[in-house]
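Here is a short briefing on one protein chain. Look over the structure first, then take the points by topic.

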Amino acid sequence: MGNCCSDQAGGRAAVGGASSYNPNVPNEAIDQFLKSRGYNGLFSQIELSYSAADLRDRDVLSKSDPMLVVYTKGRDGVLEELGRTEVILNSLNPTWITKHTITYHFEIVQTLVFHAYDVDTQFHSVEVKMLKLDEQQFLGEATCALSEIVTKSNRSLTLDLVHREESTRSTCPRNIGKLTVRAEESLSSKTTTEMILRCSDLEYKDLFSKSDPFLIISKEVENGTPIPVCKTEVIKNDLKPTWKRVFLNIQQVGSKDSPLVIECFNFNSNGKHDLIGKIHKSLADLEKLHSSGQGENLFLPTLVGHDYHNKTLKSQLFVEKFSQSVEHTFLDYLAGGCELNFMVAIDFTASNGNPRLPDSLHYIDPSGRPNAYQRAIIEVGEVLQFYDSDKRFPAWGFGARPIDGPVSHCFNLNGSSHYCEVEGIQGIMMAYTSALLNVSLAGPTLFGPVITNAALIASQSLASGGRKYFVLLIITDGVVTDLQETKDALVKASDLPLSILIVGVGGADFKEMEILDADKGERLENSTGRVASRDIVQFVPFREVQSGEIAVVQALLAELPTQFLTYMRTRDIQPLSS
């Protein structure tokens with residue numbers, strides 16, 4: 001995913017820039033584009049293809065004529081049909097030609113359901129999309145998460161087909177054939193265009209100085225509405241600016257021939273930027289402009305009577321550089337054997353309230369309704385577990401006094417003095433419930449020790465050559481007490497394969513947490529003035545997202561693939577060939 005960044009301080013960073021150039025840092029323009037299309041983080045177009053083996057033979061005088069129907073399953077359990085394959089005649093081991101495209105979202109669990117049918121001979125002349133499925137013979141069904149497919153080294157997963165009636169029973173259903181699903185990432189997801197743009201003869205827009213120009217590149221959608229996909233930095237006091245290189249993912253704009261609008265604005269600190277001029281060009285047009293070495297005149301919509309006319313300006317746009325490359329994607333690293341390893345740290349400070357009382361944030365509801373801590377563990381864990389092969393997760397607590405001991409700011413949630421790992425998400429939940437019965441809530445709220453522990457595990461894996469990236473989830477109700485020590489630990493950890501997700505539960509003032517999450521300001525500095533090599537923290541106040549359209553897990557995980565790619569690319573770590 002491409003973007004543009006600014007090196008200007010203060011208000012100019014609000015245009016979409018950052019304090020230093022980094023082609024992998026998200027900006028608000030791209031976020032707006034993604035969210036307008038329903039995407040809340042990294043996304044890739046995935047093409048699914050299918051084959052089956054040892055299907056049931058439901059025909060008397062010939063073999064079955066199988067067709068596959070593919071569904072996506074929502075969190076509410078509702079199935080939505082993604083598509084149908086063609087019917088293959090007389091085959092118990094079909095390989096279907098029809099493929100289906102699905103958008104892969106890292107930050108949500110996408111459940112796929114497959115139903116295989118034997119299509120009766122009398123319906124062979126009917127289009128598959130018109131077939132009534134209740135008139136066909138059911139051969140079996142299978143289900144999986146899309147994450148389970150894309151994390152395989154060959155992006156291929158073989159599933160057992162089962163009877164629909166048996167698939168919901170607790171006993172092991174009888175296998176009635178196998179279905180193999182393969183996933184291939186679209187080349188457009190990997191193809192990135194790099195450009196250097198400049199302008200000449202821009203008009204004065206400021207009274208006592210030259211203009212402060214920046215560019216916004218937008219995609220034109222069907223109704224003609226421009227959706228921003230990229231912004232440059234602001235260049236101060238310059239009528240012939242050359243901006244830093246910008247990156248555009250081909251998938252991000254649609255195709256090389258998709259219409260784009262490039263607008264040049266004069267920056268104003270009040271947010272009301274003056275339009276200097278604009279042009280309409282596709283990436284293919286910009287490539288031709290680069291090849292010709294010529295500029296293209298900007299135009300300015302001008303009101304003449306009751307209509308707008310495009311006034312051609314003396315100002316011109318030049319494409320100084322245009323190149324196209326295929327970059328390794330997040331999915332390439334997964335297929336090459338990289339894993340995301342999940343870790344969790346839970347706040348047991350006294351400000352959470354007595355766990356035995358219903359008003360406590362740690363109250364375990366007898367009805368089974370999860371509290372905020374349990375919800376965060378489940379929602380984040382159920383996404384990340386697919387990316388961790390052994391599903392053994394380090395789990396800690398902090399801010400409590402274990403039985404017959406002093407206050408601990410990093411203790412093993414399972415009660416062991418020797419090891420910190422638990423088995424699966426259920427293991428975390430059981431250890432959390434058990435810990436509530438065996439510790440006394442205390443304080444203060446210190447993050448430094450758990451971050452240091454997580455960083456130690458990440459550094460040990462790095463030293464041993466492990467191809468692992470670690471994700472620490474911290475769930476807390478309070479304001480961090482050791483802010484400077486936490487900053488020191490985060491700056492040190494920014495050099496490691498580690499990201500930290502923080503969920504704030506309850507009604508506390510979490511302004512300090514937003515300082516740790518460098519999205520809205522400068523990168524963190526430690527006590528000696530060293531700046532973090534990258535942003536590794538994502539913070540979300542639980543109360544702001546739990547009732548909205550974006551689930552807490554989506555808001556938390558949206559930046560994680562970009563943080564992962566930033567780490568890999570800046571260290572030139574290549575995915576192993578699968």
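Buried means under 20% relative accessible area, exposed means over 50%, and partly exposed lies in between (1.4 Å probe, protein chains only). This is a predicted model, in which local features need pLDDT of at least 70, side-chain atom pairs count only at pLDDT 80 or more, and totals for chains, interfaces and linings use all residues. Residues are numbered from 1 along each chain as its sequence is written, and side-chain values use heavy atoms, with hydrogens and water left out.

**Overall build**
- The chain has 578 residues, and 53% of them are buried.
- It contains 13 helices and 25 strands. Helices (H or I, at least four residues) and strands (E, at least two) are DSSP runs, numbered from the N terminus.
- Among contacts with a separation of 6 or more, 71% join residues 24 or more positions apart. A contact means heavy atoms within 4.5 Å.
- The accessible surface is about 26000 Å², with 49% belonging to carbon and sulfur atoms. Areas come from the Shrake-Rupley method with a 1.4 Å probe; for residues, only the protein chains shown count as cover.

**Aromatic pairs**
- Rings of Phe, Tyr and Trp (its six-membered ring) pair if their centres lie within 6.5 Å; planes under 30 degrees apart are stacked, over 60 edge-to-face, and the rest tilted.
- The count by this rule is 16 aromatic pairs.
- Phe106 and Phe330 pair edge-to-face, at 5.3 Å centre to centre and 85° between the planes.
- Phe106 sits in the loop between strands S4 (100-105) and S5 (111-118), and Phe330 in helix H5 (residues 330-335), so this pair ties together parts 224 residues apart in sequence.
- Phe106 is buried at 0% relative accessible area, and Phe330 is buried at 1%.
- Tyr117 and Phe138 have ring centres 5.6 Å apart and planes at 75°, so they too are edge-to-face.
- Tyr117 lies in strand S5 and Phe138 in strand S6 (residues 137-145). Both residues are buried.
- One aromatic cluster is formed by Phe106, Phe330, Tyr333, Tyr387, Tyr469, Phe564 and Tyr567.

**Cysteines**
- The structure has zero disulfides. The cut-off is a pair of cysteine sulfur atoms within 2.5 Å.
- The closest cysteine sulfur to that of Cys199 is in Cys264, 4.7 Å away and too far for a bond.
- Cys199 is buried at 1% relative accessible area. Cys264 is also buried, at 1%.

**Helix H4**
- Helix H4 covers residues 283-292, with Leu283, Ala284, Leu286 and Leu289 buried.
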